[in-house]
Amino acid sequence: MKKVILGSLIASVLAFAGDSELIMATTTSTDNTGLLDAIYPAYKAKTGVDIKWTAVGTGAALKLGENCDADILFVHSPKVEKEFVEKGFGVERKPVMYNDFVVIADKSIADKFKGKDIKESFELIKKENIKFFSRGDKSGTDNKEKGIWKKIIGEVPEKDRWYMQTGQGMLATINTAAEQKGVTFTDRGTYIKYEDTKKGAPEMVIINEGDNDLKNFYSLIAVNPKHCAKADIENANKFIEWATSEEGQKFIGDFKLLDKPLFTPDANTRKN
């Protein structure tokens with residue numbers, strides 16, 4: 001696995017990047033789940049290309065692309081992705097896969113939510129001041145969660161003491177919610193990874209799933225060489241071609257933990 005940390009390392013990696021390297025900015029969910037760890041050796045063996053990635057929230061990943069600190073983005077927040085492309089920072093959004101979002105709670109309070117849909121669950125959290133942990137990092141997950149709060153109660157309850165923003169990635173936020181016996185909002189892939197780390201006996205359990213509003217779409221975007229002259233459009237396009245090919249889509253669909261698929265490939269079925 002090859003990861004790149006933020007700061008001066010990004011600049012040094014770009015300075016020495018050659019034709020055999022692809023610099024990717026991605027979300028914590030593709031990293032936390034282990035998907036990129038699995039893709040890396042398979043893709044390198046096939047192409048000789050060394051993928052180096054920085055895992056941050058989608059907002060930060062898009063900023064890395066805008067600042068010419070990446071060749072390709074692997075992200076999951078459609079509205080801001082479309083804005084990124086419309087501004088000329090990216091070439092095109094390419095659908096690649098999806099999973100869904102779920103609401104999870106410490107098992108000691110899970111019974112409170114039995115039989116409730118997501119609207120009723122969020123209303124109960126507010127009414128009873130149940131600790132809710134938001135990522136607060138402008139990631140795709142954070143954007144989605146805040147959008148649901150706005151839809152249900154008309155605003156994001158950022159001023160309420162029970163609503164806490166961790167400023168961290170998804171696994172860290174789940175672990176914080178577990179320690180505090182609270183509730184959080186996560187993509188299913190990272191939740192399965194969390195389950196795996198707990199040997200199939202997690203403290204946090206799913207209380208809401210399956211709502212139409214909870215699908216979580218991932219796309220690939222090549223950074224526009226007209227905006228970033230040094231962007232490696234050739235290797236970016238090669239990775240997109242592989243990830244959306246029959247081989248790449250099968251690889252994504254076959255990726256599992258606890259015998260559960262973490263993502264569903266949709267390059268050939270989803271309209272951009």
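Contact is taken as heavy atoms within 4.5 Å. The model is a predicted one, in which local features need pLDDT of at least 70 and side-chain atom pairs count only at pLDDT 80 or more, while totals for chains, interfaces and linings use all residues. Residues are numbered from 1 along each chain as its sequence is written, and side-chain values use heavy atoms, with hydrogens and water left out.

Arg-188 belongs to helix α9, residues 188–197. Helices (H or I, at least four residues) and strands (E, at least two) are DSSP runs, numbered from the N terminus. Beyond residues up to four places away in sequence, Arg-188 touches Asn-99, Asp-100, Val-102, Ile-206 and Glu-209. With Asp-100, the side chain of Arg-188 forms a salt bridge at 2.6 Å, N to O. This pair ties together distant parts of the chain: Asp-100 lies in strand β4 (residues 90–106), Arg-188 in helix α9, and 88 residues separate them. A salt bridge here is a side-chain nitrogen of Lys or Arg within 4 Å of a carboxyl oxygen of Asp or Glu. The whole structure holds 20 salt bridges. Leu-36 lies 152 residues from Arg-188 in sequence, and the two are 16 Å apart in space, C-alpha to C-alpha.

Lys-181 sits in the loop between α8 (170–179) and β7. Neighbours within four places in sequence aside, Lys-181 contacts Asp-106, Ser-108 and Ile-109. Lys-131 is 50 residues away from Lys-181 along the chain, with 7.7 Å between their C-alpha atoms.

The protein chain is assigned domain 1 (20–99 + 217–265) and domain 2 (100–214). These bounds come from an automatic or database domain assignment. The C-alpha centres of domain 1 and domain 2 are 26 Å apart. To the contact, domain 1 contributes 17 residues and domain 2 contributes 21 residues. The size of an interface is often given as the accessible area lost when the parts come together. Buried area is accordingly the accessible area (1.4 Å probe) that two parts lose on being put together, summed over both. Domain 1 and domain 2 bury about 1400 Å² between them, and 57% of this is on carbon and sulfur atoms. Of the area that domain 1 buries against domain 2, 35% is supplied by Asn-32, Asn-99 and Leu-258, more than any other three residues. One salt bridge is counted between domain 1 and domain 2. Elsewhere in the list of ion pairs, the side chains of Lys-260 and Glu-195 meet in a salt bridge at 3.0 Å, N to O.

A cavity is a set of points where a 1.4 Å probe fits but cannot get out; a pocket is an open set with protein on both sides within 12 Å along at least five of seven lines; lining residues have an atom within 4 Å of a point. Grid points are joined across faces, edges and corners, and a volume is the space filled by probe spheres set on the points.

The largest pocket has a volume of about 370 Å³. Its lining comprises 17 residues, with Ser-77, Pro-78, Lys-79, Asn-143 and Lys-144 nearest the centre. Two or more lining residues come from each of α5 (78–86), α7 (140–153) and β9 (215–223). Helix α7 gives the most, six residues. By class, the lining of the largest pocket has five nonpolar, seven polar and five charged residues. Ala, Val, Leu, Ile, Met, Phe, Trp, Tyr, Cys and Pro count as nonpolar, Asp, Glu, Lys and Arg as charged, and the others, Gly among them, as polar. Domain 1 and domain 2 each provide at least three residues of this lining.

Two cavities of 30 Å³ or more were found. The elements β5 (132–134), α7 and β7 (183–187) give two or more residues each. The largest share, three residues, again comes from α7.

Note on methods:
1 Å grid on protein atoms, 1.4 Å probe; cavity = no way out; pocket = protein on both sides within 12 Å on 5 of 7 lines; lining within 4 Å.
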